[in-house]
Amino acid sequence: MKFWAACDLRIDQGVFDTSGPVWKAQRKVSTQILRELGMGRNVLAVKIEEEVKEYIRVISESQGQPLDLAHLTQASVSNNICSIVLGKRFEIRE
């Protein structure tokens with residue numbers, strides 16, 4: 001049994017083989033979703049820049065004391081992902 005038959009999908013209603021009104025509707029919805037996620041704006045760069053500033057702040061506050069950079073980097077990367085996906089970042093605690 002073919003995959004498409006098992007999923008009960010019509011080939012002319014997919015993403016890759018559409019035209020006309022179906023294509024226009026799909027394009028409109030996908031464009032709206034991408035705009036909500038920040039397409040056309042540099043939201044990702046702003047969030048990354050904020051996290052880099054926090055990363056540098058934590059390093060400067062260590063005042064030359066030993067610091068676990070692996071943990072700090074992992075926390076910073078995780079915060080970037082959370083900030084983008086969830087819209088919330090968490091405080092970095094050593």
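Predicted model: local features only at pLDDT ≥ 70, side-chain atom pairs only at ≥ 80, totals over all residues.
Which side chain meets that of Glu51 in a salt bridge? The side chain of Arg89 does, with N and O 2.9 Å apart, where a salt bridge is a side-chain nitrogen of Lys or Arg within 4 Å of a carboxyl oxygen of Asp or Glu.

Residues are numbered from 1 along each chain as its sequence is written, and side-chain values use heavy atoms, with hydrogens and water left out.

**The chain as a whole**

- The chain has 4 helices and 0 strands, and its pattern, read along the sequence, is α-α-α-α; helices (H or I, at least four residues) and strands (E, at least two) are DSSP runs, numbered from the N terminus.
- Of the 94 residues of the chain, 16% count as buried, a term that means under 20% relative accessible area, with exposed meaning over 50% and partly exposed lying in between (1.4 Å probe, protein chains only).
- Among contacts between residues at least 6 apart in sequence, 34% join residues at least 24 apart, a contact being heavy atoms within 4.5 Å.

- Helix α3 runs through residues 43-61, and its 19 residues should span 27 Å at 1.5 Å a residue, which agrees with the 27 Å between its end C-alpha atoms; the expected span is 1.5 Å times one less than the number of residues.
- The buried residues of α3 are Glu51, Glu54 and Val58. They cover an arc of only 55 degrees around the axis, which puts them on the same side of α3; the arc is that of the directions from the helix axis to the C-beta atoms.
- These buried residues of α3 pack against α4, residues 69-85, whereas Lys53 and Ile56, on the other side of α3, are exposed.

**Salt bridges**

- The structure holds 5 salt bridges, and a network of them links Glu51, Arg89 and Glu91.
- Glu54 forms a salt bridge with Arg57, where the closest N and O atoms are 2.4 Å apart; both residues lie in helix α3, 3 residues apart, or about one turn of the helix.
- Glu54 is buried, with a relative accessible area of 14%, whereas Arg57 counts as partly exposed at 32% relative accessibility.
- Arg57 also forms a salt bridge with Glu61, the closest N and O atoms lying 2.6 Å apart, and because Arg57 and Glu61 are 4 residues apart in helix α3, about one helical turn separates them.

**Asn80 in helix α4**

- Asn80 has its place in helix α4 and is buried, with a relative accessible area of 14%.
- When residues up to four places away in sequence are not counted, Asn80 touches Lys47, Ile48 and Glu51.

**The cavity**

- Rolling a probe the size of a water molecule over the atoms shows where empty space is left.
- The count comes to 1 cavity of 30 Å³ or more, a cavity being a set of points, on a 1 Å grid over the protein atoms alone, where a 1.4 Å probe fits but cannot get out.
- The largest cavity has a volume of about 30 Å³; grid points are joined across faces, edges and corners, and a volume is the space filled by probe spheres set on the points.
- The largest cavity is lined by Lys47, Glu50, Glu51, Ser83 and Arg89, lining residues being those with an atom within 4 Å of a point, and α3 gives the most to this lining, with 3 residues.

**The loop after α3**

- Gln63 follows α3 and lies in the loop between α3 and α4.
- The phi of Gln63 is near 50 degrees, a positive value in a residue other than glycine, and Gln63 counts as exposed at 69% relative accessibility.

Technical notes: 1 Å grid on protein atoms, 1.4 Å probe; cavity = no way out; pocket = protein on both sides within 12 Å on 5 of 7 lines; lining within 4 Å.
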